[in-house]
Amino acid sequence: MGQDRGKYDFYIGLGLAISSSIFIGGSFILKKKGLLRLARKGSMRAGQGGHAYLKEWLWWAGLLSMGAGEAANFAAYAFAPATLVTPLGALSVLVSAVLSSYFLTERLNLHGKLGCLLSILGSTTMVIHAPQEEEISSLEDMARKLVDPGFFVFATLVIIVALIFIFVVGPRHGQTNILVYITICSVIGALSVSCVKGLGIAIKEAISGKSVLKNPLAWILLLGLVACVSTQINYLNKALDIFNTSLVTPIYYVFFTTSVLTCSAILFKEWEHMGTDDVIGTLSGFLTIIVGIFLLHAFKDISVSLATLAVSMRKEERAFPAANGMASHSTYELLHESTEDLDDREMGLPFDSISRRNGAMTSS
C-alpha cells in the first residue's frame, strides 16, 4: 500500500507540474494580449510608466493564470521529487513559445521548433527515469534532513558563495558579466526549493489534521522562503535589465536546475535508490532539455524555415552540378577532340590544316 501511495503521489505531482507550466506559459500570452489591446487604444504603455493595464481584463486573466501556475508548482513539490518538478519548469517556456506563434503572430523558426521537440523528448525521458519514491513525509523527517552534515556543509557553501558574489563580485563585474547575477539567483534558488518542499509537506500535514502552526520549523521555512525569493527576484530583475532576455533565460534555467538537482541529491537523497540506467536517463533528459531551450532562444531572431532551407539547398544543387557539369563537358570535348586528332593523324591529314567550329570540319 505504501508503494501504491507513493506512485499515486508521484502522478499527482507530475500532473501539477505540467499544469503549472501550462498556466504560467499561458499567462505571458494573456498579459501580452492585454497590453497590445491597450496600445491599440492609445493608452500609456506600461514601459512608459502607465498603469492602464489594471483596467484590462485580459491582463488580470494572465495574472490569475500566473498565480494558479505558481500555486500548482508549489503543490507539486509536496507530492513529487524536486528532481522531477524543477526541470519540468522548462515546459512553461515551450508553452509560451508555441502559443506566441499562434496568438501573437510571432514566428517560430526551424530552430525553435526543433528546440520544442527536444524539450518534450527530454522532459519525457526525465519523467520515465525520475525517482518515484518520496524520502520525506513529515516535518520531523525534514528536520532530521536539515541537520544532516552533508546538507549543512552544502548550505554553508551556498550562503558563502552568494555573499561573496553579492558584496565582492557583483559591484565589480555585475554590469559586464552575465553569470554574476544569475549565479546568485541560482544558488539561492536551491535553498528556496528546499523551503518550498518543506512547506508543501507542512500543508499536507495541516490538511490531514496535524498541528503544524506550533512547529517552529514551519515558520523558519516560511521566513527562509521569503528571504530567498526576494533575493532571487531582485538579482534576476537586474540580470534581465542589463542583458538580453534570450541569453538570461536559458543560462538561468541551466544554473538554477543544476543547483536544485544538486541540493535534492544531498538533502532529500532522491538519487540513492535510483539505478545506473535511471541516473543516466535523468541526466540525459536534462541535457536534452538544455539543448532544446538553447535552440529555442539563441536563434529566435534568425529567419529559418523548411521552405527557406529547401530553397537554399536547391540553389546549392544548381550551382555545384552546373560547375561539375561544365567541367565534365569541357573534359569530354577535350578528350573527344584529342581522339579525333589522333584519327586524323592516322589518316595522313596534316593536323594544322584542320579547323573545327561548332562541329563543322573544313580542310584548308
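Me: If contact means heavy atoms within 4.5 Å, which residues does I201 touch, not counting residues up to four places away in sequence?

Reply: This is a predicted model, in which local features need pLDDT of at least 70 and side-chain atom pairs count only at pLDDT 80 or more, while totals for chains, interfaces and linings use all residues. Residues are numbered from 1 along each chain as its sequence is written, and side-chain values use heavy atoms, with hydrogens and water left out. I201 lies in helix α8, where helices (H or I, at least four residues) and strands (E, at least two) are DSSP runs numbered from the N terminus. Leaving out those sequence neighbours, I201 touches A78, I136, S137, S138 and L139.

Me: Is I201 buried or exposed?

Reply: Burial is judged by relative accessible area, with a 1.4 Å probe and protein chains only: under 20% is buried, over 50% is exposed, and anything in between is partly exposed. The relative accessible area of I201 is 3%, so this residue counts as buried.

Me: How many helices and strands does the secondary structure of the protein come to?

Reply: From the N terminus on, the elements run α-α-α-α-α-α-α-α-α-α-α-α-β-β. The protein has 364 residues, of which 38% count as buried. Its secondary structure comes to twelve helices and two strands.

Me: Which residues of α2 make the contact with α8?

Reply: The α8 side of this contact includes V193, K197 and I201. On the α2 side, the contact is made by F74, Y77, A78 and F79.

Me: At what distance from the ring centre of F268 does K197 lie over the face?

Reply: A charge sits over a ring if NZ of Lys or CZ of Arg is within 6 Å of the ring centre and within 35 degrees of the ring normal. K197 lies over the face of F268, and the distance from the ring centre is 5.8 Å.

Me: How many aromatic pairs does the structure hold?

Reply: Rings of Phe, Tyr and Trp (its six-membered ring) pair if their centres lie within 6.5 Å, and planes under 30 degrees apart count as stacked, over 60 as edge-to-face and the rest as tilted. By that rule, the number of aromatic pairs in the structure is five.

Me: What is the angle between the planes of F151 and F154?

Reply: F151 and F154 form a tilted aromatic pair, 6.4 Å centre to centre, with an angle between the planes of 35 degrees. Both residues lie in helix α7 (residues 149–173), three residues apart, which is about one turn of the helix. F151 counts as buried at 7% relative accessibility, and F154 is likewise buried at 15%. The angle asked for is therefore the one that falls in the tilted range, namely 35 degrees.

Me: Which helices hold Y181 and Y235?

Reply: Y181 is buried at 6% relative accessibility, and Y235 is buried at 10%. The ring centres of Y181 and Y235 are 5.6 Å apart and their planes stand at 40 degrees, so the pair is tilted. This pair links distant parts of the chain, 54 residues apart, with Y181 in helix α8 (residues 178–207) and Y235 in helix α9 (residues 216–242).

Me: Which residues does S264 touch, not counting residues up to four places away in sequence?

Reply: S264 is found in helix α10 (residues 245–267). At 1% relative accessibility, S264 counts as buried. Apart from those sequence neighbours, S264 touches A82, T83, K269 and E270.

Terms used
Contact means heavy atoms within 4.5 Å.
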